[in-house]
Amino acid sequence: MGAIEHGCGNDVVQGGSEHAPATDVKDLLRTRDWAATPLGPVADWPQSLRTAVDLMIASGYAMCLAWGPDRTFLYNQAYAGILGRRHPRVFGAPFVDVWPEVWSEIEPLVDRTFAGETSTFDDMPLMMTRNGYPEETWWSFSYSPVRDETGAVAGLLNVTLETTSRVLVERERDAATRDLRDSEAKWRSVFETLQEGFVLGELVRDEHGHVVDWRYDEVNDAWYDLMGVPRGQAVGRTIRQVFPGIEEAWVREMAQVVERDRSVRFTRQLGSSGRWYDGVTQRAGGDRFTVIFTEVTERVLRERRQAALIDLNDRLHEETTVAAIASAASAILAAALHADCGGYGEVDAVAGTVTIAQEWAAGDEVSLAGTWPIADFATSVEELAEGRLLDRADAPLRGRVRQACGEGAMVLAPIIERGVPAAILYLGTRRPRAWTREELHFVGEVADRLRLAIGRTRAEEQQEVLNGELAHRIKNTLSVVQAIAMQTLAGKADATSVEEFGSRLKALSSAHDVLLTRSWSAAGLREVAQGALSTVAGNRVTLSGPELMIGSRPAMSLSLLLHELATNAVKYGALRVPEGEVELAWAIACEGGVEMLTLRWTERGGPPVTPPTRTGFGSRIIRMGLTGSGGVQVRYDTSGLSVEMRAPIDQIGQG
């Protein structure tokens, strides 16, 4: 047999030592008193048993052997570790005593094996107490019958492998896989139900490592809906493939996010789609990045319309003619709504025509400048007279209007004056377009502001004509008064007095001119002073002070007062000599909580001045001051005359 030898009645296991601890299976096999077991002395063992034991002992795999009717249990060294604390006690014991806790489970298998049947099991679970406590274990093993010399089944050979560690690892792996799968399912659900669009992308580089594109590795359903792309048409493709002609910024910015490892927030339009998106992109490791975004087209367009209205208000206040106002409104309206053309035309309700002089076009559009039948705009005088906004998206355009707008869409906003259509503001596109409610409301707002601005401008033009006529009539009246005075005083008053009277009338007339340009409400102090001094002192008086509007009555008083001062300076003061100088300065200061205007007339470089020996009409005008209630100080210094006039600002501004 090789492993078991017979000599002098003793069983000897090769390589063993009778003094070695009886824990090694070979030692146990050699030292055990087999005569006291059902197997009997080793010398009496049949060859079939010897061969089975030799094979088992020599194997490196865990093996055990149950032999004979009592099923005496033998095993090799690899199997000893499986037994735990039961080794070596159970070596040579009955099989039932080796594994009593699982015997009910394995006994049927043992019986079937002794009946000649081979049984094989993978990862069979068994609850064992091999180390003094219950253990959940798993086994892969095979029960094979062993036949004796007569061919009868005499034993059971078990080749076994404990798979507990692997099963537990696989259990943990499977649990982790389930958890991961559940987590992925949960996040996939979140991913797919997310209302914001999500992209996992990866840069595409050329052979030199330069970024030339990027690829969609993953997108959610919201991405498809927000971008208007059929589902399943993006993953695996690059952005340039999905959106031909895409702006370079969409590639360049993602490259910067990856290469500079930073997050970027963006608000940008996608190609020529007209749709705007707001989102955040950040690096996701390597050349990958994520983008989460939402569509903000309505917000962007709303902000553009609001900005356009602000711009329109500024332009309407800057422009002074109907043509300039209409042109500005047409351009701002068409640009804000990305139309191809827009304009303003005056309506002749009697002739049934529209004359367009102001228009705006985005490119080489057909001009609508000229006079065209109202019917060409798919409307009528009666419909325009209703004053409501007209959406001509589905109405057939005609003639020149059809040439200009093709099969596109047009919006008409009538401008009504005195119940009659006086003009239209129009907006057109060459391609069919459904105007949104917000866009139509915006057109209506522009039209309303245009109507008010045109009304104001025409009222101002009429006022200017009326003021010119009034100025002409006032001058004629003053001329008649002057002529009557000249005739009446001829031979009865000295020539100087008559001349002074005429000069005062001229000063009064200049104040009227200034006030008329301001619709008789208020005038600038500087303008009134320049008008009063120009006829007497030319440009020899230096003016300095802040811009200040004064009422009509203070303007008349100031004009007469400055005329008297300038006349006296020419006759007796600084303006009498070439080197003489006069300064008129004014300033505003707060005194005791009241804003006060101080105006100073200062003469220098003229002949010495002395107080007058008598007080004439001119002196009385000067001492009445700016408001007719005094507040004047007059000093006759050796350097020249100085006059200081003071009055509360709230009185200066009154009419």
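Select D221. This residue is partly exposed because its relative accessible area is 25% (buried means under 20%, exposed over 50%, partly exposed in between, with a 1.4 Å probe and protein chains only). Helices (H or I, at least four residues) and strands (E, at least two) are DSSP runs, numbered from the N terminus.

A word on the model. It is predicted, so local features need pLDDT of at least 70 and side-chain atom pairs count only at pLDDT 80 or more, while totals for chains, interfaces and linings use all residues. Residues are numbered from 1 along each chain as its sequence is written, and side-chain values use heavy atoms, with hydrogens and water left out.

How many salt bridges does a search of the whole structure find? The search finds 32. Side chains of opposite charge can pair when their charged atoms come close.

Select E202 and R215. They form a salt bridge, with the closest N and O atoms 3.2 Å apart. This pair also links distant parts of the chain: E202 sits in strand β8 (residues 197-205) and R215 in strand β9 (residues 211-219), 13 residues apart. E202 is partly exposed at 25% relative accessible area. R215 is partly exposed at 26%.

Go to E439 and R433. Their side chains meet in a salt bridge of 2.8 Å, N to O. E439 counts as buried, at 8% relative accessibility. R433 counts as partly exposed, at 23%.

**Aromatic residues**

The structure holds 17 aromatic pairs. Rings of Phe, Tyr and Trp (its six-membered ring) pair if their centres lie within 6.5 Å; planes under 30 degrees apart count as stacked, over 60 as edge-to-face and the rest as tilted. Select W214 and Y216. Their pair is edge-to-face, 4.8 Å centre to centre, with 65° between the planes. W214 is buried at 3% relative accessibility, and Y216 is buried at 2%.

Next, select W34, W45, F73, Y75, Y79, F91, F95 and W103. They form one aromatic cluster. The charged end of R32 sits over the W34 ring, 5.6 Å from its centre. A charge sits over a ring if NZ of Lys or CZ of Arg is within 6 Å of the ring centre and within 35 degrees of the ring normal. Then jump to W250: R268 lies over its face, at 5.1 Å from the ring centre.

**Two helices**

Select helix α11 (residues 322-336). Its 15 residues should span 21 Å at 1.5 Å a residue, and its end C-alpha atoms are 21 Å apart, which agrees. The expected span is 1.5 Å times one less than the number of residues. Colour the buried residues of α11: V322, I325, A326, A328, A329, S330, I332, L333, A334 and A336. An α-helix has 3.6 residues a turn, so residues three or four places apart point the same way. Just after α11, H338 takes a positive phi of about 55°.

Move to helix α17 (residues 552-571). α17 is mostly covered, with 14 of its 20 residues buried.

Select β25 (residues 640-648). Is this strand largely enclosed or open? It is largely enclosed by the rest of the structure, because 8 of its 9 residues are buried.

V632 has M645 of β25 as its bridge partner. β24 and β25 form a hairpin with 2 residues between them.

**Last stop: cysteines**

Select C341 and C590. C341 is buried, at 9% relative accessible area, whereas C590 counts as exposed, at 58%. A search of the whole structure finds 0 disulfides (pairs of cysteine sulfur atoms within 2.5 Å).

Note on methods: Two strands pair if DSSP finds at least two bridges between them. A salt bridge is a side-chain nitrogen of Lys or Arg within 4 Å of a carboxyl oxygen of Asp or Glu.
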